[in-house]
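Let's take a walk through a protein together. Keep the picture open beside you and look for each part as we get to it.

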Amino acid sequence: MSKKKALSGVLAAGILASVPLSAAHAISPKWVNVNVSEEKEGSLFNSENYDFMKFSVIGTKLAEIEKQSNRVKVEVKGTSADGYPLYVVTIADPGAQGKFGKIQALRKQMFKNPEKAQDWIADNPDFKVPIMINGSIHGTEFVGSDAVMQLIERFATQNDEETKEILDNNILIFNVVQNPDGRVDATRFNGEGIDLNRDFITQSQPETQETVSLIKEWNPMVFLDTHGYVKNYAPNKQGLIEPCTPPHNPNYEYDLYQKWANHQAEAMEAEIMGDKALYTGTLYKEMDGAYIPQRDDSAGWDDYPPIFTPMYAMYHGAYGHTLEAPTNDEDGVRWMYNAIMGALKYSTDNKEAMITDQIEMFKRGINFDHPFHEEGHFPKAYIIPVNEEDPTAVNKAVNHLIKNDIDVVQVSKAFAADGKSYPKGTYIVPMDQAKAGLANTMLWDGEDITDDTPAMYDISAWSLPELWGFEAIAVQNDVKAAATKVNNVKEQGSLSGKGPFIIPNSSVKSVQLVNELLKQGVMVKRDSEGNFYAEGSASAISAAVKESGLDIISGSVPADAETIKEVSVGILKDGGMNKAQSHSGTKLALERLGFSVTELTPAEVANTGLASHDVFVYSGTENLISLNLSNANKEFGLKNQEELAAFKANVEKFVSEGGKYIAVGAGASRATKTLGLTDDIINTGGSNSNGIIKVDYKGTGATAGYSGDDLGFVYRPVWYTGTENDDVLAAIADEENFFVAGHWKNRSAAQGQAIMVKEQDKDVTLIGLEAGFRDHTDYLFRLLSNSIFEK
């Protein structure tokens with residue numbers, strides 16, 4: 001039974017009735033209850049499993065707690081990808097300076113007049129500070145939410161002196177289970193296959209968006225993110241408590257963070273060690289402390305990219321910590337509970353000085369005063385011109401900035417800056433604002449940090465302008481222009497003329513429009529430059545055009561334009577190989593482009609073939625067609641040599657009968673070689689290498705809309721040699737400085753080499769660039785649609 005189907009009416013009604021909704025959520029969110037029998041008892045990826053609290057009972061338990069206490073507010077702040085409720089619990093003592101302890105009065109000043117806010121703190125020592133605890137962003141890391149539930153019950157009902165002192169000084173915000181889908185399914189990721197702790201720059205998922213809204217609403221002084229499982233990173237140091245090793249992102253005011261974060265980490269460690277006698281496992285009884293990366297190591301656990309939850313929260317002034325329990329058992333729950341208690345005690349003892357320094361970060365931004373940064377690192381402003389033909393990428397970017405508490409203004413008259421003229425309607429992001437660090441990390445080009453550290457934990461480059469496809473021009477002088485603050489950009493496309501209608505191959509939204517028209521039965525043609533021509537009547541396509549946000553005009557159809565059709569796309573599904581769904585970003589990219597996409601497991605391809613699909617996309621690890629898998633991975637791959645042979649035969653049959661095969665990334669390229677669909681030599685960089693590179697695109701056909709001096713993104717870089725039998729569609733720029741930003745050692749061999757090729761004798765395309773990476777690389781999505789539509 002699918003968990004998305006309607007289940008027991010009694011159970012559903014009971015849970016719904018138990019969850020009180022705030023005024024903002026008076027209309028119940030659409031979600032389906034969890035059938036208890038469908039919840040996993042544990043995960044193959046965990047070396048230990050225990051009787052953790054099932055998601056299906058959490059709503060009822062929260063309702064019971066709320067009935068017992070006037071300190072508690074339980075809300076549903078949205079729904080997960082699979083439709084489960086996202087519970088948020090706020091706890092504050094109503095008898096201590098009001099339920100929220102004057103925090104709203106303080107917040108009004110923090111971003112407008114930080115000096116006044118700091119003075120207010122000195123004059124009002126009885127204020128409370130918000131502290132946010134995030135429960136189990138990875139579904140298999142059960143101990144986090146279990147510890148959160150224990151803490152909620154304690155702070156809702158207990159009256160010991162320690163509990164009362166913490167509530168006298170703090171407002172506790174618990175994001176109870178940030179990933180319900182993963183908890184139910186015992187997977188790391190959510191229902192869309194996305195690792196939510198890699199989504200905080202993109203914010204593609206509803207769970208991430210909910211957490212971002214919470215952070216923006218409360219601006220917590222401390223942010224704790226519960227994880228597992230880390231042990232023996234240093235002798236007898238069990239679990240992990242951040243702060244991190246270098247490199248630290250240069251857009252932080254890091255001196256203000258580490259002034260308190262290191263001591264707070266040690267306070268958490270001390271609380272864990274103080275409870276040592278109550279642990280039962282030998283691992284815990286013999287521990288000497290916790291692994292604190294910044295204290296105990298030099299590299300390998302960095303806080304450089306803003307993709308992780310605590311690192312993102314740090315741009316809002318929070319003292320962010322990842323907490324990794326050592327084991328998935330009751331000892332792990334105790335470790336997590338103690339770590340959080342240590343943080344709460346430390347924050348209580350130091351709240352006035354800590355929040356004064358949090359506000360100092362905002363003051364530095366507003367005053368454009370960054371004493372520990374190189375001159376010029378922060379520009380005076382970013383100018384974002386509007387593409388009149390296709391403003392959709394800019395619209396998305398501006399709304400994204402606003403949702404992240406970044407001020408954006410729009411000019412009402414033409415102006416000049418740094419010697420260049422800009423028209424009315426141009427957007428400006430002034431950098432004398434409270435959250436300048438977040439604005440800069442989203443809009444800057446990034447940097448090459450290869451020589452700064454031997455290894456990175458994850459990605460090292462993410463520039464929104466370069467990877468979403470819009471301009472953000474950094475200016476170093478004051479910008480003088482008449483402008484008004486933007487609160488939201490509303491999109492509405494327009495249509496002029498009688499047709500045929502030209503749809504430029506310019507953005508995700510343009511391709512999405514084309515696919516929508518194809519589904520409606522409108523005839524569409526495509527020329528060699530990748531542009532589209534809709535031949536339906538204005539009345540037939542106007543609704544879709546308005547929805548797209550594009551301004552569409554009439555024009556003539558070039559002689560080389562060919563009719564395209566609606567296509568069915570199958571994508572090889574990675575069910576969770578190595579605790580990740582490697583295909584998910586590409587799947588989401590294809591869906592956002594408007595394609596009908598079906599996920600096919602390796603076994604389904606082996607058993608039923610690909611006859612019902614026009615296109616087959618392989619995007620992910622080569623282990624999907626490997627037989628040497630661990631017990632945790634076997635369910636996601638092929639069972640035996642016979643299945644592998646059937647898989648290979650069905651893919652060969654599909655291609656030989658005119659089917660289109662597209663491989664994306666290093667793993668898929670290696671798999672394509674194994675399947676015998678290419679004779680190219682597949683060269684790969686280290687698994688730790690990734691970043692933005694210069695790319696020389698051919699500019700027609702599968703690379704239409706891209707130029708000979710352009711950009712791409714690589715992750716575990718791959719390039720192709722021995723391509724004499726291929727049509728080389730794109731190559732890494734043949735210049736020594738082809739690497740723009742990120743981390744990639746020993747890259748010289750890739751210079752000038754092919755990175756996107758098509759076999760000449762069969763419809764097989766290899767895309768070495770990560771065209772759909774984590775639903776983030778919008779600018780590269782059209783490499784997928786181009787490859788699909790190209791004949």
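Predicted model: local features only at pLDDT ≥ 70, side-chain atom pairs only at ≥ 80, totals over all residues.

Let's begin inside. The largest nonpolar core has 199 residues, and the ones with the most contacts inside it are Val176 and Trp335. Helix H13, which runs over residues 330-366, gives the most to this core, with 15 residues. Zoom in on Val176 and see what surrounds it: leaving out residues up to four places away in sequence, Val176 touches Ile58, Leu62, Tyr87, Val89, Gly135, Ser145, Val148, Met149 and Ile152. Apart from this core lies another one, of 32 residues, and among them are Val605, Phe616, Phe654 and Ala754.

Now look for helix H3, residues 103-110. Which residues of H3 are buried? They are Ile103, Leu106, Arg107 and Met110. These four cover an arc of only 100° around the axis, so they sit on the same side of H3. And what do they pack against? The buried residues of H3 meet helix H4 (114-123), strand S3 (129-134), strand S4 (170-175), helix H8 (206-218) and H13.

Next, jump along the chain to strand S28, residues 660-664. Why can we say that S28 is largely enclosed by the rest of the structure? Because five of its five residues are buried.

Strand S27 (residues 615-619) pairs with S28 in the parallel sense over five bridges, and Tyr618 stands opposite Ala663 in S28. To get from S27 to S28, the chain passes through helix H21 (residues 641-656), making a β-α-β crossover that is right-handed. S28 also pairs with strand S36 (residues 764-767), again in the parallel sense, this time over four bridges. Here Ala663 stands opposite Leu766 in S36.

Stay in this area for a moment and find His613, in the loop between helix H20 (602-608) and S27. Is His613 buried or exposed? Its relative accessibility is 10%, so it counts as buried. Leaving out residues up to four places away in sequence, His613 touches Ser568, Val569, Gly570, Thr598, Leu600 and Phe654. Phe654 is also one of the residues of the 32-residue core.

Compare that with Glu375, which sits in the loop between H13 and strand S12 (381-384). With 83% relative accessibility, Glu375 counts as exposed. An unreviewed UniProt entry gives it the annotation "active site".

A cis peptide bond joins Pro246 and Pro247, with omega about 0°, and Pro247 is in strand S8 (residues 245-248). The bond from Gly499 to Pro500 is cis as well, with omega near -5°. Pro500 is in the loop between strand S19 (494-495) and strand S20 (501-503). Then there's Asp405, which isn't a glycine but has a positive phi of about 70°. You'll find Asp405 in the loop between helix H14 (392-403) and strand S13 (409-411), and with a relative accessible area of 24% it is partly exposed.

How values were computed:
Residues numbered from 1 in each chain as written. Heavy atoms only, no water. Core = buried A, V, L, I, M, F, W, Y, C linked by side-chain atoms within 4.5 Å. Buried < 20%, exposed > 50% of the residue type's maximum accessible area, 1.4 Å probe, protein only. Helix = DSSP H or I, 4+ residues; strand = E, 2+ residues; numbered from the N terminus. Contact = heavy atoms within 4.5 Å. Arc of directions from axis to C-beta. Pairing = 2+ DSSP bridges. Right-handed = clockwise from strand over helix to strand, strands pointing away. UniProt positions renumbered as here; feature names shortened; annotations may be inferred.
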